[in-house]
Amino acid sequence: ASGPGDSGVLTRELLDTDFDAWRALLQRSEQGGPYASPGYLDALCAATGASWRIVGAFLHGHLVGGLALYATPTRWGPAATNRTLLYYNGPVLDLPPKKFHSDRVAQQVAVLAALEAHVARLGYASVRLHCDGSLRDLRPFLDQGWDAGLSYTYVVPIADLAAQWERVDPNLQRLIRRCTREGVTYREDDDVGALYRLHLQTHQRRGAPLYLPEAPFRRYFERACAAGLARLGHAV
C-alpha cells in the first residue's frame, strides 16, 4: 500500500471485501466494463494460467479509481499487458464532482499519478496499458517516461436502435433486410463449439489470431457465463 501524499490519495491492492465497491464503480465510470471486473479476470486467468490484481485509489477513504492488471510470466519476470479477450486494461476513474475545471483536472492528475507510482513499485518486467478513449489526459504516465501510441475501435451506442439504423449505409441496410427475408434469425444458447469452429475458420482463412486453444476457451467462456459476464448469440 502507498500512504496518502500531499494530494490525499492512497493506493493499495484491493481485497475481496473491496470487490462490491469496485463493481459498483465500474458501473458508474466512463471507463468501466467487464474487462476490469474480478469475475472476468478470474475466468480469463483460469484459462490462461496468468495472474491478476486490482490496484485501488482512495480519496478521503472513498474508492475513486483503480487499475486492473493481468500478468503473464516471461524470462525477465511477470509482464502486465492486455491481450485478445482483454481489450482494455487501463485506469478506471469515478472521481467526485468539482465545480471548477482546474480542480477537476488537478484531482484526476493526482489520482493517476498515485496509480502510476504504485504500478512502478510492483516490479513488473514491463507494463502495457490500453486505455479507454474517454481517458484523454495521461500526463502522469508520460511525465514518468511512458511511451504512448494510438489505436482505434468503433463504438456504437445501442440505446436507440431506430436512430442507429438510420445511420447505417443504405447498401448495408439492403443486405441486412435480405438476410431477414431469407430466414436468418438470432438465437442465444450455450453452443460454444459452434462459435469456436467459426473462430477457427477465420483464423485459417484470414490469419486472425486465435483467442485461445479450444479447451481453455471453453473453460474461459463457461466461467464468464457463470459470472453473468458473457452470453452467446448466433445468426442462424
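**Asn 89 and its surroundings**

Modeller: Start with a side chain: a polar atom of Asn 89 lies 3.5 Å from the backbone oxygen of Thr 81. The model is predicted, so local features need pLDDT of at least 70 and side-chain atom pairs 80 or more, while totals for chains, interfaces and linings use all residues. Residues are numbered from 1 along each chain as its sequence is written, and side-chain values use heavy atoms, leaving out hydrogens and water.

Biologist: Is Asn 89 buried or exposed?

Modeller: Buried means under 20% relative accessible area, exposed over 50%, partly exposed in between (1.4 Å probe, protein chains only). Asn 89 counts as buried because its relative accessibility is 5%. A polar atom of the Asn 89 side chain also lies 2.6 Å from the backbone nitrogen of His 130.

Biologist: How should I read the length of helix α7?

Modeller: Helices here are DSSP runs (H or I, at least four residues), and strands are runs of E, at least two, all numbered from the N terminus. The expected span is 1.5 Å times one less than the number of residues. For α7, residues 192–206, that gives 21 Å for 15 residues, and the end C-alpha atoms are 21 Å apart, so the two agree.

Biologist: Which residues of α7 are buried?

Modeller: Val 192, Gly 193, Ala 194, Tyr 196 and His 199. They pack against α8 (214–226) and β8 (233–235), where contact means heavy atoms within 4.5 Å. Just after α7, Gly 207 takes a positive phi of about 75 degrees.

Key
Polar contact = N/O pair within 3.5 Å; in protein donor to acceptor, adjacent residues only side chain to side chain.
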